[in-house]
Amino acid sequence: MSFNFYPGARAAVLSGLFLATTIASQAHEFKAGDIEIDHPWSRATPEGARVAAGYMVLKNNGTEPDRLVSITGEIGSRAELHEMTVNEQGVMTMRPLADGLEIPAGGEVALEPGSYHIMFLDLESGLKEGETFTGTLTFETAGEVEIEYHIDAMGGGSAHDDHGSHGDHGSHGG
Ligand SMILES: [Cu+2]
């Protein structure tokens, strides 16, 4: 399966509305070996923000577990893998996953608001809705792959399917 998407070229010739429709209908996924990376996305940030999060679903179609071990993003000089937890007092805390994130054989792991996520640090500028940025994921077995994140609206709902701009991706609810 190949992935053909040239946002710059499309933006030059299409109206904004048609562009949004075109993006929504793209099968926005990437592959590295047995690992499938489904719909990487981030959120628009206020101007001057220094951090942004990255979300996606990682599926392992293989018969051995694999592990996401390192991440880069072109928007900032550092990126970490975080887990968000809520303690008994209802306080949310984030902690880096020192050993990476395991994707079980034949299983999937969702990076989503309130749970596992990528944290991009030392942003060079804010993220704007409708734009995209690239980054890499490196898996222990599957190796490195370049992916592209779509930037959704600021505060665009904690459940990704709740808003319309990527409504075609019906499988995110699990
Ligand atoms: Cu975080």
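Visitor: Why is His-117 called buried in this model?

Guide: The model is a predicted one. His-117 has a relative accessible area of 3%, and buried means under 20%, so His-117 is classed as buried.

Visitor: What makes Met-119 count as buried?

Guide: The relative accessibility of Met-119 is 10%. The cut-off is under 20%; therefore Met-119 belongs to the buried class.

Visitor: How do you know that His-117 and Met-119 coordinate the copper ion?

Guide: Donors are N, O and S atoms within 2.8 Å of the metal. The NE2 atom of His-117 and the SD atom of Met-119 are among the coordinating atoms, together with ND1 of His-82 and SD of Met-94, at 2.1 to 2.3 Å. These residues therefore qualify as donors to the copper ion. Along the sequence, the donor residues follow the spacing H-x11-M-x22-H-x1-M.

Visitor: Why is the site of the copper ion called tetrahedral?

Guide: Four donors count as tetrahedral if all angles lie between 85 and 135 degrees. The angles among the 4 donor atoms are 88 to 119°, so the site meets the criterion and is tetrahedral.

Visitor: What makes Glu-36 buried?

Guide: Glu-36, a residue of strand 2 (residues 35-43), has a relative accessible area of 12%. Buried means under 20%, so Glu-36 is classed as buried.

Visitor: How do you know that a polar contact joins the side chains of Glu-36 and Asn-61?

Guide: The contact is 3.5 Å, and a polar contact requires a pair of N or O atoms within 3.5 Å. Leaving aside neighbours within four places in sequence, Glu-36 is also in contact with residues including Phe-30, Val-57 and Leu-58.

Key: Residues are numbered from 1 along each chain as its sequence is written. This is a predicted model: local features need pLDDT of at least 70, side-chain atom pairs count only at pLDDT 80 or more; totals for chains, interfaces and linings use all residues. Side-chain values use heavy atoms; hydrogens and water are left out. Donors are N, O and S atoms within 2.8 Å of the metal (3.2 Å for Na, K and Ca); water is not among the atoms, so sites may look incomplete. Four donors count as tetrahedral if all angles lie between 85 and 135 degrees; four count as square planar and six as octahedral if opposite donors are over 155 degrees apart and all others between 65 and 115; anything else is irregular. Buried means under 20% relative accessible area, exposed over 50%, partly exposed in between (1.4 Å probe, protein chains only). Helices (H or I, at least four residues) and strands (E, at least two) are DSSP runs, numbered from the N terminus. A polar contact is a pair of N or O atoms within 3.5 Å; within protein, one must be able to donate a hydrogen and the other to accept it, and residues adjacent in sequence count only if both atoms are side-chain atoms. Contact means heavy atoms within 4.5 Å.
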